[in-house]
Amino acid sequence: MAETAPCYALSFSAREAIETERVPDTIADCVACRVPAQESRGVILDGVSRVLSVTEAEIRVAMKRALGDTHQMAEGGGALPIAAVLMDIADDPAGFEVKCVVVILTGGIVDQVLLCRVIASQDLK
């Protein structure tokens with residue numbers, strides 16, 4: 001999840017719906033909501049073991065890595081799984097020494113101006 005869009009992460013931790021005060025401002029616009037949808041929340045609670053929150057800079061890095069490493073464009077929301085894995089590896093590199101990690105890359109609809117800003121950004125990892 002995007003750190004700036006916390007309603008699903010908060011709801012996961014609390015095991016109940018948590019609403020935030022305002023619609024978040026995030027590059028991952030698909031998670032920019034203040035009220036978690038009941039159906040989505042149920043799926044997450046039933047099938048997810050943990051939720052990671054990533055920063056806007058980590059999302060931009062993931063978008064750049066997707067484009068540079070795979071030649072596939074990912075919008076902010078589509079880059080969230082990549083950002084989470086990169087963050088998790090940075091936090092615990094030993095935990096990934098013998099693991100095969102697979103993420104699903106979705107969402108390639110990126111505003112051209114936003115994409116240019118992301119590519120030109122100084123966020124590197």
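Helices, of at least four residues, and strands, of at least two, are DSSP runs numbered from the N terminus. By that count, the protein chain has five helices and zero strands. The model is a predicted one. Three salt bridges are found in the structure.

**Overall fold**

- From the N terminus on, the elements run α-α-α-α-α.
- The radius of gyration of the protein chain is 15 Å, close to the 14 Å that the globule rule gives for 125 residues, so the chain is as compact as a globular protein of that length.
- The C-alpha trace spans about 40 × 40 × 20 Å along its principal axes.
- Take the contacts between residues at least 6 apart in sequence: 68% of them join residues at least 24 apart.

**Surface and charge**

- Of the 125 residues in the protein chain, 36% count as buried.
- The protein chain exposes about 7,700 Å², and carbon and sulfur atoms supply 55% of that area.
- The protein chain carries 11 positive and 18 negative charges, and their mean positions are 2 Å apart.

**Salt bridge Arg-34 to Glu-19**

- Side chains of opposite charge can pair when their charged atoms come close.
- Arg-34 forms a salt bridge with Glu-19, with the closest N and O atoms 3.6 Å apart.
- Both residues lie in the loop between helix 1 (7–14) and helix 2 (38–47), so the pair ties together parts that are 15 residues apart in sequence.
- Arg-34 is partly exposed, at a relative accessible area of 31%.
- Glu-19 is exposed, at 51% relative accessible area, because the cut-off for exposed is over 50%.

**Salt bridge Arg-50 to Asp-88**

- Arg-50 forms a salt bridge with Asp-88, and here the closest N and O atoms are 2.3 Å apart.
- Arg-50 sits in the loop between helix 2 and helix 3 (56–70), while Asp-88 belongs to helix 4 (residues 80–91), so this pair ties together parts that are 38 residues apart in sequence.
- Arg-50 has 47% relative accessibility and counts as partly exposed.
- Asp-88 has 14% relative accessibility and counts as buried, because buried means under 20%.

**Salt bridge Asp-69 to Arg-65**

- Asp-69 forms a salt bridge with Arg-65, the closest N and O atoms lying 2.8 Å apart.
- Both residues belong to helix 3, where they are four residues apart, about one turn of the helix.
- Arg-65 is partly exposed, with 32% relative accessible area.

Terms used: Residues numbered from 1 in each chain as written. Predicted model: local features only at pLDDT ≥ 70, side-chain atom pairs only at ≥ 80, totals over all residues. Heavy atoms only, no water. Salt bridge = Lys/Arg side-chain N within 4 Å of Asp/Glu carboxyl O. Buried < 20%, exposed > 50% of the residue type's maximum accessible area, 1.4 Å probe, protein only. Rg over C-alpha atoms; globule rule 2.2 N^0.38 Å. Contact = heavy atoms within 4.5 Å. Areas by Shrake-Rupley, 256 points an atom, 1.4 Å probe, with all protein chains shown as cover. Lys, Arg positive; Asp, Glu negative; His and termini not counted. Charge placed at Lys NZ, Arg CZ, Asp CG, Glu CD.
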